[in-house]
Amino acid sequence: MAETDGFVAIRDIAPKAPTHLLVIPERHVESFREIGEFTPDESKRMLTFVADTARSAGLDDYRVVVNVGPGAGQTVFHLHWHILGGRALGGMG
């Protein structure tokens, strides 16, 4: 769907919202716990790519989620960000 240096965005194969995208770093990092393995520049580029991907998908309002560990629902142990939107999502706080 989208790509930039070091990161790709794809559609989730089991969407939980009308728009459900995954942003994945090409470099393996198991989970958000290891986010410190990215340089500050990589982290900034990754978050900018998350925001740009949502905007390119036509989303004004959306949720960004990272599941950390099996107890939180992480089933793929390669860091990835979920972008969910396209309908009103219930509040989380």
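A residue counts as buried when its relative accessible area is under 20%. In this predicted model, W81 has a relative accessible area of 9% and is therefore buried.

**Aromatic rings**
- The structure holds 2 aromatic pairs, and in one of them the ring centres of F32 and W81 are 5.8 Å apart while their planes stand at 85°, so this pair is edge-to-face.
- The pair links distant parts of the chain, since F32 belongs to the loop between β3 (19–25) and α1 (40–56), whereas W81 belongs to strand β5 (residues 81–85), 49 residues apart.
- Another ring, that of F38, has R27 lying over its face, at 4.8 Å from the ring centre.

**The sheet**
- Five strands form an open sheet in the order β1-β2-β3-β5-β4, and their pairing is antiparallel.
- At the edges are β1 (2–4) and β4 (62–65), each of which pairs on one side only.
- From one strand to the next, the twist averages 20°.
- Strands of a sheet pair through backbone hydrogen bonds, in either a parallel or an antiparallel manner.
- Strand β1 and strand β2 (residues 7–11) run antiparallel and are joined by 3 bridges, and T4 stands opposite F7 in β2.

**The helix on the sheet**
- Helix α1 packs on the sheet, where it touches β1, β2, β3, β4 and β5, and the direction of α1 makes about 30° with that of β2.

Notes: Residues are numbered from 1 along each chain as its sequence is written. This is a predicted model: local features need pLDDT of at least 70, side-chain atom pairs count only at pLDDT 80 or more; totals for chains, interfaces and linings use all residues. Side-chain values use heavy atoms; hydrogens and water are left out. Rings of Phe, Tyr and Trp (its six-membered ring) pair if their centres lie within 6.5 Å; planes under 30 degrees apart count as stacked, over 60 as edge-to-face and the rest as tilted. Helices (H or I, at least four residues) and strands (E, at least two) are DSSP runs, numbered from the N terminus. Buried means under 20% relative accessible area, exposed over 50%, partly exposed in between (1.4 Å probe, protein chains only). A charge sits over a ring if NZ of Lys or CZ of Arg is within 6 Å of the ring centre and within 35 degrees of the ring normal. Two strands pair if DSSP finds at least two bridges between them. Axes are lines fitted to C-alpha atoms, for helices over the stretch in contact, and angles run from 0 to 180 degrees between N-to-C directions. Contact means heavy atoms within 4.5 Å.
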